[in-house]
Amino acid sequence: MTGKLIDLNRRFRPAAGNDDRRFHGLFGHDKLSSTWSDLLAKRRVVILAEAGSGKSTEFERQQAAVASEGRFSFIVTVRDVADAGLEGAMPPEKRLAFGEWRASPDTECWLFVDSVDEAKDQGHHFDGAARRLADAIAGLEERVHLYISGRFTDWDKTADQRSMEKWLRLPKLPPPPTNLGEEVRATLDRKERKPQGEVEPIEILRMDPLAAWQVRKFAEGVGIADVERLLEAIEHGNLWSFAARPLDLGWMVDFWRAQKRLGTLREMIEESIKARLLDPDPMRRRNDPIGGETGRRALDRIGAGFLFCGKDTLRIPTAGLDPAPAETSIPLEDLLPDWSDEHRLHLLRHPVFDSATLGRARLHNDNEQTLRTYLTATWLQRRIDDGCPLSTVFDLLFVDLYGYRLVRPDMVEASAWLSGTLPAVAEALIARSPFNLLKHGDPGSLPIPTRVKALDAVLGQLATIDRQKLWFIGDSLRRFADPALDPHFADWWLKKHVISSCS
């Protein structure tokens, strides 16, 4: 389920080192985003996105679109260029067309070079491929529109960017002949002189997540008959973040077709993790040294590490010094010290990670710390299953202070998630802060008796709850609701009026 023939009109934005905003693209695009129409007018562009984002599909589609207009257009892979040079990476008929282009003065071509990450998987350095590209277009640089793709986590912001500047930047333009009369008139008129010899810079862009209208277009394109029901189910479960990439949509559509529904938030998180721990490339999947369960346990450790250490991102190894501040990031080797460097890099290449700032990666679908708190809960559940005393876990989640039974502030969401599998944690949370079971975790996966106790306790505390908090839990309440709760509403309604009359 790739949506290969569906034009989703993808959007792009600068991959700036200080651009750490997380919600680009989910519900629309702003003026900073570019379309392919904008990109095809540029001459040097690197497009970064994570696995499953559709980079290769986009390159194939755009190369075909340019060629259909009668213009010279070619697509190759970084790996093949590194092995055989640019022309050697092309099929025979394309080599003939490339020679025809070289012999056509002033004619431009559009060259798409896909997948820096695949080349690195095969042991190639990007610098070697960039040098071979430069050799192939030497003397013709200004006639080439060059586009290179790669995974965000495989792009070395120091070494790879240096290779782009060294080998593939446009040559500097010679200054035009000086017209002394114009220079004098410009000086007398106090006109600002335009800088001479400027060249178009290399642009490093990131691919935006899919917006809601693109999700609709994808669903229609793959033949979903009841698109409106699917979109309503996504909205009902607030599952838009699970539809951010074509890969995500692929497994979501498969789930919908098989089940005629979308699952609870817990189900969808587990399904998405399982899908994204598989490399979308079948060849690389066969050679992946990280099994599903091994990768799953590693993710639990990463999520728990983020939460306990107060970090948001992983630092990606780069060549040279890393100038970015480390306050919100943590090296992966600190969380997986027993893993080899090779296996840690393999894990980073899986679509379970998203790009953050340059040199950083974050957990996919962790926009509001939902995933890290879920992974922390599953990590704690594993500790209990392995024999860790429940009292030790309680010490991490709860605290009794000056006679008050409290939930540790940074563990509120993790305790709500853990309540779905550990009744003892649910009971403790209901006794301390029952409202958190309505608001956090996945209320839809809580057993009905737990939901009844939680809502009963919340109504008992209604007079003390800040009413403004109720404005922001609509999504959670939709998940909490269930027809099995109907028999209890008469008692709850009566309790509400009794509390109101006493307050």
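How many helices and strands are there in the chain? This is a predicted model, and its chain holds 24 helices and twelve strands. Of the 503 residues, 50% are buried. The chain exposes about 24300 Å², with carbon and sulfur atoms supplying 54% of that area. Looking at contacts with a separation of 6 or more, 74% are between residues 24 or more positions apart.

**Helix 4**

Take helix 4, residues 92-102, where Ala97, Phe98 and Trp101 are buried. These residues sit on the same side of the helix, because they cover an arc of only 105° around the axis. An α-helix has 3.6 residues a turn, so residues three or four places apart point the same way. Pro92 and Leu96 lie on the other side of helix 4 and are exposed. So what covers the buried residues of helix 4? The cover includes these elements:

| Element | Residues |
|---|---|
| Strand 3 | 72-77 |
| Helix 3 | 78-88 |
| Strand 4 | 109-114 |
| Helix 6 | 126-136 |
| Strand 5 | 144-150 |

Elsewhere in the chain, four strands make an open sheet with mixed pairing, in the order 8-7-10-9. Strand 8 (329-331) and strand 9 (353-355) are at the edges with a single partner strand each, so one side of each has no neighbour in the sheet. On average, neighbouring strands here are turned by 40° against each other, direction ignored.

Strand 9 runs antiparallel to strand 10 (residues 360-363), and three bridges join them. Asp354 has Arg362 of strand 10 as its bridge partner. Helix 14 (residues 292-309) packs on this sheet and touches strand 7 (313-315), strand 8, strand 9 and strand 10. The direction of helix 14 makes about 100° with that of strand 10.

Key: Residues are numbered from 1 along each chain as its sequence is written. This is a predicted model: local features need pLDDT of at least 70, side-chain atom pairs count only at pLDDT 80 or more; totals for chains, interfaces and linings use all residues. Side-chain values use heavy atoms; hydrogens and water are left out. Helices (H or I, at least four residues) and strands (E, at least two) are DSSP runs, numbered from the N terminus. Buried means under 20% relative accessible area, exposed over 50%, partly exposed in between (1.4 Å probe, protein chains only). Contact means heavy atoms within 4.5 Å. Accessible areas come from the Shrake-Rupley method with a 1.4 Å probe; for residues, only the protein chains shown count as cover. The arc is that of the directions from the helix axis to the C-beta atoms. Two strands pair if DSSP finds at least two bridges between them. Axes are lines fitted to C-alpha atoms, for helices over the stretch in contact, and angles run from 0 to 180 degrees between N-to-C directions.
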